[in-house]
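Okay, thanks for having me, everyone.

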Amino acid sequence: MKFYISTTGIKRVTISTTNSSAKGSTVATRRITRRTFLPVVLLLSIVLPFLFVRIAFLVLESASACNSALDCIGWGLLGGSEASLLREELARALMEAKEGHGTNDGDYRREGSTESFNVLVNEMTSNQQDIKTFAFRTKAMLSMMELKVQSAREQESINWHLASHGVPKSLHCLCLKLAEEYAVNAMARSHLPPPEYVYRLTDPSFHHVVLLTDNVLAASVVISSTVQHSAKPEKLVFHIVTDKKTYIPMNAWFAINPIKSAAVEVKGLHQYDWSHEVNVHVKEMLEIHRLIWSHYNDNLRNANFQHEGVNRRSLEALTPSCLSLLNHLRIYIPELFPDLNKIVFLDEDVVVQHDMSSLWELDLNKKVVGAVVDSWCGDNCCPGKKYKDYLNFSYPIISSNFDHDRCVWLYGVNVFDLEAWRRVKITTNYHKWLKHNLNFGMELWQPGVHPPALLAFEGQVHPIDPSWHVGGLGYRPPQAHNIKMLGDAAVLHFSGPAKPWLDIGFPELRSLWNRHVNFSDKFIRKCRILG
């Protein structure tokens, strides 16, 4: 073979071959031009590195499954029968591990799961264990990790609920500063409402709003937001009922920060002169609720949070509302206001965003309460959950009288016809169900004020438009596509542990509440209540 290269540059290469054994001389000349040579070189420069990397990865990944590197290369590139057998064996082992709940799985758990996957691989390769053992040990490791994650989530939920119990230092400071002001400032001791507004307290032509709370700052936000968005603020009369310890700071706040046009009444429970019969019933109600709370709280302490959903509803026993006197006294609103016939009830953790005048003109069709049942979240969606989430349908007294799949009505913003309430004896019916629950070992419903109210008001609820009330904002922030819904809602309800005045409140929602806080007030500034 001979090579001939042109002297004018590598424009042509001539290869000539001579076969001496053939008859005569046969010269075969092949010419490779630059036009064909360069693409071939370029193609090889691309393909060869790729093949090298591919072969290297196959060798590394399948080293434990092949006898030699050459076998692995052939297995990976050609997808031979050994690969199929390995896949089938691994799939079969994984299915056995998934379905297996017998002694092998238990044995591996008792031995203790491997903490990391790398350690597991090292143990498997060093001990030369089969794929089935690898699958079972992997399952045990993942199961233990899943249990640890679930336990951590449950503990987080408990801590979250416990955090809602505390009173922030700033709110405690506010009450102390207002109490001091009450002692030294005659204006702070002024009786509310002023004498010229007293006649409005029982006048049915005015719009009466009832608020039961011991939170001064929350009460100020509810009233401020309601007045700000009212078309006729001069028609509003606010009735604040609070406990004895909060009466002084509550009165001082609204005395030195009067609401223009609207009338505000502040009354402490110690100022009511109830009959002996009512006092007995109230004490009985509170004692039964305390027993229910204690029952579920004890179960919660003994609970082992190792499985998703177990005892999750029992966390309601940790919420402050379960033992709140003012929260339970809402069932005695007709006794608190014997001269009123129709009122709008607002919870302390709401913000009003639209005029509510039409609620007092709403026809309840002879029902006792107007409340949101369905909601903005769409068809077959229950914003306040379903009856089965509050009541124990394993007892016939519940299952034979109520539909477990029905949506509950919501507290937060409600219209009450107190005349109808007295006529159908809602409070008496409420006490009847409390005694039933006591007789059934306090197992008929979850702790809280809502479950017995669902039973007592059965058949007496008039649904109102869902846009009146968006609740659950203390459990979770809304999704991005529901942000517009917040602006359209008449009332935002921060129901749940994450109240906007607590550190655990959601930052993305707190601004909706903070905009109604009077940050220019000297007591707010002194107590460092920040937005």
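So, by a disulfide I mean a pair of cysteine sulfur atoms within 2.5 Å. By that rule there is 1 disulfide here. Before I go on, a word on what you're looking at: this is a predicted model, where local features need pLDDT of at least 70, side-chain atom pairs count only at pLDDT 80 or more, and totals for chains, interfaces and linings use all residues. Residues are numbered from 1 along each chain as its sequence is written, and side-chain values use heavy atoms, with hydrogens and water left out.

The partners are Cys173 and Cys527, with 2.1 Å between their sulfur atoms. Cys173 sits in helix H7 (169-184) and Cys527 in the segment after helix H20 (522-526), so the link ties together parts that are 354 residues apart in sequence. When I say helix or strand, I mean DSSP runs numbered from the N terminus: H or I with at least four residues for helices, E with at least two for strands. The link is left-handed, at -75° about the S-S bond.

Are those two cysteines buried or exposed? Both Cys173 and Cys527 are buried; that means under 20% relative accessible area, while exposed is over 50% and partly exposed is in between, using a 1.4 Å probe and protein chains only. And Cys175? Cys175 is in no disulfide, and the nearest cysteine sulfur, on Cys527, is 8.8 Å away. Cys175 counts as partly exposed, at 24% relative accessibility.

Now the sheet. Two strands pair if DSSP finds at least two bridges between them. We have an open sheet of 7 strands, in the order S6-S5-S4-S7-S10-S9-S11, with mixed pairing. S6 and S11 (461-464) are the edge strands, each pairing on one side only. On average, neighbouring strands are turned by 25° against each other, direction ignored.

Let's zoom in on S6. Strand S5 (236-242) runs parallel to S6, and 6 bridges join them. Across from His239 you'll find Glu265 in S6. From S5 the chain goes through H9 to S6, a right-handed β-α-β crossover; right-handed means that, with the strands pointing away from the viewer, the path from the first strand over the helix to the second runs clockwise. And S6 is mostly covered, with 5 of its 6 residues buried.

Most residues other than glycine have a negative phi, and most peptide bonds are trans. Ser261, though, has a positive phi, near 75°, and lies in the loop between helix H9 (244-256) and strand S6 (263-268). Asn365 is also positive, with phi near 55°, in the loop between helix H13 (357-360) and strand S9 (369-372). Then there's the Leu192 to Pro193 peptide bond, which is cis, with omega near -5°. Pro193 is in the loop between H7 and strand S4 (207-212).

Last stop: Trp433, in helix H16 (426-439). Trp433 is buried, at 8% relative accessible area. What does Trp433 contact, leaving aside its neighbours within four places in sequence? Taking contact as heavy atoms within 4.5 Å, the partners of Trp433 are Ile397, Ile398, Phe402, Trp445, Leu455 and Ala456.

That's my tour; happy to go back to any view.

Notes. Axes fitted to C-alpha atoms, helices over the stretch in contact; angles between N-to-C directions.
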